[in-house]
Amino acid sequence: MKTRNLQSSVAMGVLALFLLPLAAVADSGFYVGAAAGGATTDLEIGDTGIPGIPVGEFDEDDTGYKLFAGYTFDLPTVDLGIEAGYVDFGAPEVRTNFDILEIDTTGINVWGIASVEAGPIDLFAKVGYIFWDVEASAFGESVSDDGSDLGYGVGLGFDIGAVTIRAELEAYDISGSELSMLSMLSLGILNRF
């Protein structure tokens, strides 16, 4: 009798181990979302070729937004996910001697995300890549630059059923360009399917 109970317990344990990944996939899911917040563009302005633009540092803020979609794999201890999106860092301006210099920066990003659930709150960190494009314009002329660089972020989400309200900070270290840093502190909402 004891052997039969032991065999049943072992069989149930093995079955549970095989079904655990299926349960994780069942709780996994696709999501889409949008967020807006304060974006900072920091760059060193060299000789742009546009007369009247001062050489120096440009460190300005504007309202930015982003649209994103991703997929979460709900695992037993930590959730892992992938996410891609479009981000617009706004078009901050600075007054020069004779005109207004506007810097318009956008990008496409790809993230790997790890999160831990604590009840309805998710704490997450992410690392990824951004493919950015920056355009500076003044006096009816413009110059542009583009590239790709590493990014990182942290945040927290509050789950309300299939909807999550998410606050996060993302930063991108830009190298090999006059553009040196992009960052955004945002509040957004996402919907899981």
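1. Strand S6 (121-138) and strand S7 (141-160) each supply at least two residues of the negative patch. This is a predicted model. The members are Asp104, Asp133, Glu135, Asp145 and Asp146, gathered on the surface. Their grouping makes a patch of negative charge.

2. Asp145. This member of the negative patch sits in strand S7. Asp145 is partly exposed, at a relative accessible area of 33%. The cut-off for patch membership is over 30% relative accessible area, so Asp145 at 33% passes on that count. Val134 is eleven residues away from Asp145 along the chain. Their C-alpha atoms are separated by 5.4 Å.

3. Overall layout. The protein chain holds one helix and nine strands. From the N terminus on, the order is α-β-β-β-β-β-β-β-β-β. The protein chain has 193 residues, and 36% of them count as buried.

4. Salt bridges, and a network. The whole structure contains seven salt bridges. Which residues are linked in a network of salt bridges? They are Lys66, Glu83, Lys126, Arg166, Glu168 and Glu170.

5. Lys66 and Glu170. The closest N and O atoms of this salt bridge are 2.7 Å apart. Lys66 lies in strand S2 (residues 56-74) and Glu170 in strand S8 (residues 163-173), so the pair ties together parts that are 104 residues apart in sequence. Are the two ends buried or exposed? Lys66 counts as buried, at 3% relative accessibility. Glu170 counts as buried too, at 1%. Buried means under 20% relative accessible area.

6. Glu168 and Lys126. Here the side chains meet in a salt bridge of 2.6 Å, N to O. Glu168 is in strand S8 and Lys126 in strand S6, so this pair also links distant parts of the chain, 42 residues apart. Glu168 has 3% relative accessibility and counts as buried. Lys126 is buried as well, with a relative accessible area of 4%.

7. Glu168 again. Glu168 also forms a salt bridge with Arg166. The closest N and O atoms of that pair are 3.1 Å apart. Arg166 has a relative accessible area of 7%, so it is buried. Glu168 therefore has Lys126 and Arg166 as salt-bridge partners, and Glu168 itself is buried at 3%.

8. Glu83. This network member lies in strand S3 (residues 79-88). Glu83 counts as buried, at 3% relative accessibility. Glu83 and Val32 are 51 residues apart in sequence. In space, their C-alpha atoms are 9.3 Å apart.

9. Aromatic pairs. The count comes to seven aromatic pairs. One of them joins Tyr31 and Phe68. Their ring centres are 6.4 Å apart, with 70° between the planes. Planes over 60 degrees apart count as edge-to-face, so this pair is classed as edge-to-face. Tyr31 is in strand S1 (residues 29-45) and Phe68 in strand S2. The pair links distant parts of the chain, 37 residues apart. Both Tyr31 and Phe68 are buried.

10. Aromatic cluster. Which residues form one aromatic cluster? Phe89, Trp111 and Tyr172 do.

11. Nonpolar patch. Ile121, Leu123, Leu156, Phe158, Ile160, Ile165, Leu187 and Ile189 form a nonpolar patch on the surface. Together they have about 710 Å² of accessible area. S6, S7 and strand S9 (179-192) are the elements that give two or more residues. Which element gives the most? S7 does, with three residues.

12. Ile165. This member of the nonpolar patch is placed in strand S8. Ile165 counts as partly exposed, at 36% relative accessibility. Strand S8 also carries Glu170 and Glu168.

13. Strands S6 and S7 together. Each supplies at least two residues of the negative patch.

Terms used: Residues numbered from 1 in each chain as written. Predicted model: local features only at pLDDT ≥ 70, side-chain atom pairs only at ≥ 80, totals over all residues. Heavy atoms only, no water. Patch = residues over 30% accessible without salt bridge, like charges linked within 9 Å, V, L, I, M, F, W, Y side chains within 5 Å. Areas by Shrake-Rupley, 256 points an atom, 1.4 Å probe, with all protein chains shown as cover. Salt bridge = Lys/Arg side-chain N within 4 Å of Asp/Glu carboxyl O. Lys, Arg positive; Asp, Glu negative; His and termini not counted. Charge placed at Lys NZ, Arg CZ, Asp CG, Glu CD. Helix = DSSP H or I, 4+ residues; strand = E, 2+ residues; numbered from the N terminus. Buried < 20%, exposed > 50% of the residue type's maximum accessible area, 1.4 Å probe, protein only. Phe/Tyr/Trp six-rings, centres within 6.5 Å; stacked < 30°, edge-to-face > 60°.
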